[in-house]
Amino acid sequence: MTIVHLAPVTSENWQACCELSLPAEQQDFVASNLYSIAEAQFYPTMHVRAIMTQADTLVGLAVYGISPNTGQYRVARLMIDQAFQGQGYGRAAMQAILAKAAALGTIDHVWLSYREHNHAARYLYQSLGFQEQSCDANGRIVAMYELAKNE
């Protein structure tokens, strides 16, 4: 079983987070990590976190929390570096995020969205129990995870 922890992005690791990369065919799936880190600074209810292995190797970046636009708990970004994809880090990171949401005790649903042609994301989220709800104004699939039902 792959285990990760979610570490704060700090002055010591933000540049390494920005150097994480995706294969060319995935680059339009998420905003750049630099953009994600910068954007999160303006939304105190959103958390930007480095995804770290048990051995403290940086493998990805996640942004999640209460959306300032909707008030819903949302996973805004989940990115695993191309060198670490397919090894269970994305699943482990999502499980850690869902556990954090459940631990709050006030969250019933976790929301996220992804591009329709992002088949790996669709498979991952569906396998974790996310249910597709609709498409947003940008043409992304919106999916919801029901904590009370799945926890």
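This is a predicted model: local features need pLDDT of at least 70, side-chain atom pairs count only at pLDDT 80 or more; totals for chains, interfaces and linings use all residues.
**Exercise 1.** How are the ring planes of Tyr-64 and Tyr-73 arranged: stacked, edge-to-face or tilted?

*Solution.* Let's start with the search of the whole structure, which finds five aromatic pairs. In one of them, the ring centres of Tyr-64 and Tyr-73 are 6.5 Å apart, and their planes meet at 40°. Planes under 30 degrees apart would be stacked, and over 60 they would be edge-to-face. Tyr-64 and Tyr-73 are both buried.

**Exercise 2.** Which parts of the chain does the pair of Tyr-114 and Tyr-125 tie together?

*Solution.* First look at the rings: their centres are 5.5 Å apart and their planes are at 40°, so Tyr-114 and Tyr-125 make a tilted pair. Next, find each residue. Tyr-114 is in strand E5 (residues 109–115), while Tyr-125 is in helix H4 (residues 119–128), so the pair ties together parts eleven residues apart in sequence. Finally, look around: Tyr-114 and Tyr-125 form one aromatic cluster with Phe-130 and Tyr-145.

**Exercise 3.** Is Arg-77 buried or exposed, and which residue forms a salt bridge with Arg-77?

*Solution.* Take the area first. Arg-77 has a relative accessible area of 14%. Buried means under 20%, so Arg-77 is buried. Now for the partner: Glu-39 forms the salt bridge with Arg-77, and their closest N and O atoms are 3.0 Å apart. This pair links distant parts of the chain, with Glu-39 in helix H2 (residues 33–40) and Arg-77 in strand E4 (residues 73–80), 38 residues apart. Glu-39 itself is partly exposed, at 27%.

Technical notes
Residues are numbered from 1 along each chain as its sequence is written. Side-chain values use heavy atoms; hydrogens and water are left out. Rings of Phe, Tyr and Trp (its six-membered ring) pair if their centres lie within 6.5 Å; planes under 30 degrees apart count as stacked, over 60 as edge-to-face and the rest as tilted. Buried means under 20% relative accessible area, exposed over 50%, partly exposed in between (1.4 Å probe, protein chains only). Helices (H or I, at least four residues) and strands (E, at least two) are DSSP runs, numbered from the N terminus. A salt bridge is a side-chain nitrogen of Lys or Arg within 4 Å of a carboxyl oxygen of Asp or Glu.
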